[in-house]
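Notebook open, viewer open. I'm jotting down what I looked up, in the order I got to it.

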Amino acid sequence: HLILETLDKHNVIKDTRELVLPGESKPAATQEAQLAIIAALNSLQSRNMVVYQAHEVLSYSLTPEGEQIATQGSHEARVWAALSEKGGEPVSIKDLKSKVGDESAKVGQGRAFKSGWIVKDGENLFKAVSSIVDTTQEEMVEIATTGTLAAGERAINELKKRKLVVQKKGQWYDVAKGPEFSTSTAKPETDLTAEMIANGSWKTSTYKKYNFDAEGIPPTGGALHPLLKVREEFRNIFLEMGFAEMPTSQFVESGFWNFDTLFVPQQHPARDLQDTFYISDPISSKPPPKDYYDKVSTVHTVGGFGSVGYRAPWSDEDSQKLLLRTHTTARSAYMLYKLATRPKGPDGQEGGFKPVKMFSIDRVFRNEATDATHLAEFHQVEGVVADRGITLGDLIGFMETFFSKMGITNLRFKPAYNPYTEPSLEIFAFHPALKKWVEIGNSGMFRPEMLEPMGLPRDVHALGWGLSLERPTMIRYGINNIRTLVGHKVSIEGVEKSAAVRF
Ligand code: PHE
């Protein structure tokens, strides 16, 4: 405040030793006072409110003996004061020693004689003058308050020799207004808040300069969840095998893409509310591409492409119902449809089918009772390979290569049923810890009823498979309750400490 107000009045402070600090009566010439001033200057300068320059000075302070003189007077003055004038009470040297002490009696006598303050009469001492000026005491007081002597260096050197003062290095400052000068010492803002914008105070606030050199607080957390580690590992296997990732970020599909395109009959139990979460708002999707839609509904109701179909009634409403996808195969169907209807390239490159290897790893939703190994949402690892003349042998070969990359070499295949694949195979692997065969995936050759309405050529065959991400993760990390892997019971510490995976 003092600094800012003085600057406000005088524009500059030429010498901070001339300031009178609050609660003091004399200027702040001492080093202690300058130390208090520099602390304030530094804080004001960091806010660009002032600029200052430091100047070196030699300043002096009193030794303990000097301090004693400042308060009690010099030895010679004390000797003089202990004596009486001629005709008064005689004081012997011995008496003097007991009155002022040995030290003062010894040093003070000589100096008092030299100054003509006292005389000797026989054994006794008397005052020679009726009043004295104790310059030494005055000088001590001057040094204590100003740090130096106006009388100059010679006088100071004299006092140094007498070991009454010591020299020390000190600093003083000259101060001018900085670019952000203001008499208000309100702390500058470090954050621009919504409130400040709303009440307009941002216009008049001062802001703390951003410190680009400050180092951030090192984050204590930051670890991939085990599921994400396993996902990364799967993804690497797919990428290494030349697969491209399918875009699967939409969780909501229609009955058409999730079921109809996959030749899942509209009466299939999996479509029931028990298995599928339907969306209530909006309740239905935009209509799918008309000619494809017509082909799909035809193959369901009356057949085609060598199939007799389901011969069951068809509901447009069921087809357009919105739902949370029950499998990522909905996206595989969409990608295969896109592939079949791929337009010609801008430079006349061939459109339509080309061989593909695609994968996705993403979330699916099923309205199932949850328990230690089931949740209403989980992740599917999905793969699709489409090419001319692919056979069941390719499917088995692919499975063996794919799983061997995870360290699973001993596979068994069991015939199974999916509405969209024929043949379908469940994949089993021997679990050495559990000492039994466990199902690790489901797969098959996509049916012509699914591929041909899309417009894929007859000789193009596609194989696909799906597995859960949670199951290998639980096996890999020795987790036997899925709730300790997903949900609010997951231990952050466990996540941070879980090791990287290596299949
Ligand atoms: N969609 C199947 C499932 O949810 C997995 C699968 C995908 C099967 C592709 C065959 C072909 O279990």
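Predicted model: local features only at pLDDT ≥ 70, side-chain atom pairs only at ≥ 80, totals over all residues.

I started with Ala462 and listed its contacts, leaving out residues up to four places away in sequence. Ala462 touches Leu336, Val384, Val385, Ala386, Ile390, Phe446 and Leu451.

Next I asked which residues have the most contacts inside the largest nonpolar core. They are Ala333, Leu336, Leu451 and Ala462, in a core of 49 residues. Helix α14, residues 329–340, gives the most to this core, with seven residues. Apart from that core I found another, of 14 residues, with Leu41, Val50, Tyr173 and Val175 among them.

Then the strands around there. β11 (residues 377–388) pairs with β10 (residues 356–365) in the antiparallel sense, over 10 bridges.

On to the ligand. Which residues surround it? My list reads His327, Thr329, Glu382, Asn418, Thr421, Asn442, Ser443, Gly444, Gly464, Trp465 and Gly466. Two elements give two or more residues to this shell, namely β14 (436–446) and β15 (460–468). I also sorted the shell by class: one residue is nonpolar, nine are polar and one is charged.

Three strands make up an open sheet, ordered β3-β5-β4, with antiparallel pairing. The edge strands are β3 (91–92) and β4 (118–121), each pairing on one side only. I looked at the β3 side of β5 (residues 124–127) and found two bridges joining these antiparallel strands. Ser92 stands opposite Asn124 of β5.

Now helix α4, residues 75–82: how many of its residues are buried? Six of the eight are, so the helix is largely enclosed by the rest of the structure. The buried ones are His75, Glu76, Ala77, Arg78, Val79 and Trp80. I then checked what they pack against, and got α3 (64–72), α5 (93–100), α6 (102–114), α7 (135–146), β4 and β5.

One proline check. Pro472 sits in helix α17, residues 470–477. Buried or exposed? Pro472 has 22 C-beta neighbours inside 10 Å, so I put it down as buried, the cut-off for that being 20 or more. I also took the C-alpha distance from Pro472 to Met406, which came out at 9.8 Å for two residues 66 apart along the chain.

Last, the whole-chain numbers. I count 18 helices and 15 strands in the chain. It has 503 residues, of which 30% count as buried. Of the contacts with a separation of 6 or more, 68% are between residues 24 or more positions apart.

Terms used: Residues numbered from 1 in each chain as written. Helix = DSSP H or I, 4+ residues; strand = E, 2+ residues; numbered from the N terminus. Buried ≥ 20, exposed ≤ 12 C-beta atoms within 10 Å, placed from the backbone. Pairing = 2+ DSSP bridges. Core = buried A, V, L, I, M, F, W, Y, C linked by C-beta atoms within 7 Å. Contact = placed C-beta atoms within 7 Å. Near = placed C-beta within 6 Å. Nonpolar A, V, L, I, M, F, W, Y, C, P; charged D, E, K, R; others polar.
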